[in-house]
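Thank you all for coming.

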Amino acid sequence: MHSSSNLSRNYSTRSMKTLYALLPALTISVLLGCSSPRSISANETAVPPDFGKEQTTLLVLNTDHTHINRTIHSSIEKFYTGPFEMVDPTMINSSKYSDRQKYRYMFRTTVRYTEAVNMGMSRMAPSFTFNYDVVDRLQGKQYGNAKSTGTYKNWIETYVKRLEQVRIANEAK
C-alpha cells in the first residue's frame, strides 16, 4: 500500500517531467506569439523607403500553396492600387522581368513546414511558419522579414496595407 506522500511525490515528479518536456514548445510559442501584424504597420523598415517614388510594377511571388496564393492575390487586389504582377518564382530571372527599374520591388511569402516532434510523453504538432518581405531588386536589399504562424491572412493584409500607405505617401512627394 502506498502512502499519500509517495503518491504526491510520484504525481509531482510526473508533472515536472511533463513540464520539462513541454518547455521548449512553450518557449517557441511565446517567442513567435510576441510579434503581431501590427508590428508591420509600426515598423519603418518593413517597406523600402523609396517604395512608390517611381512608377514600378510590384512583383508578387507565388508560393507552392494555392490557398495562400489566393489570399495574397485577394489582399493585393483589395488593398493595393499600384501595378503588380503575380509571378512564379522560377520566372523572376527571365528576360520578361530583367528590367529592374520597372520591376524593382518583389513581395515574397516564404512558407516553412515543421514536422511534428515527440518530446517525452508529449507531442508538438506539425506547424507552418510564414515569412514576408519586400526585396529591392535594384539595390539588392531585403526589407521586413515579418514572421507569423497560423494567421497568415492577417499578416498578408497588414503588410499589403503598409505597402500601399508608403506607396501613396511617396507618390505624393
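Let me start with a term: a residue is called buried when its relative accessible area is under 20%, exposed when that area is over 50%, and partly exposed in between, using a 1.4 Å probe and the protein chains only. By that rule, 36% of the 173 residues of the chain count as buried.

What you see is a predicted model, in which local features need a pLDDT of at least 70 and side-chain atom pairs count only at pLDDT 80 or more, while totals for chains, interfaces and linings use all residues. Residues are numbered from 1 along each chain as its sequence is written, and side-chain values use heavy atoms, with hydrogens and water left out.

Now the fold. Taking helices (H or I, at least four residues) and strands (E, at least two) as DSSP runs numbered from the N terminus, the chain has four helices and seven strands, in the order α-α-β-α-β-β-β-β-β-β-α along the sequence. If a contact means heavy atoms within 4.5 Å, then 65% of the contacts between residues at least 6 apart in sequence join residues at least 24 apart.

How confident is the predictor? On pLDDT, its confidence in each residue from 0 to 100, the chain averages 80, and 72% of the residues score at least 70. Over residues 22-35 the pLDDT stays under 50. Where pLDDT is low, the predicted coordinates should not be read in detail.

Let me turn to the aromatic rings. Rings of Phe, Tyr and Trp (its six-membered ring) pair if their centres lie within 6.5 Å, and planes under 30 degrees apart count as stacked, over 60 as edge-to-face and the rest as tilted. The count comes to eight aromatic pairs. In one of them, the rings of Tyr113 and Phe128 have centres 5.1 Å apart and planes at 55°, so the pair is tilted. Because Tyr113 lies in strand E3 (residues 105-114) and Phe128 in strand E6 (residues 127-136), the pair ties together parts 15 residues apart in sequence.

Phe130 and Tyr152 also form a tilted pair, 5.1 Å centre to centre with 45° between the planes, and this pair links strand E6 to helix H4 (residues 152-171), 22 residues apart. Phe130, at 4% relative accessibility, is buried. Ring pairs join Tyr113, Phe128, Phe130 and Tyr152 into a cluster.

Key: pLDDT is the predictor's confidence in each residue, from 0 to 100.
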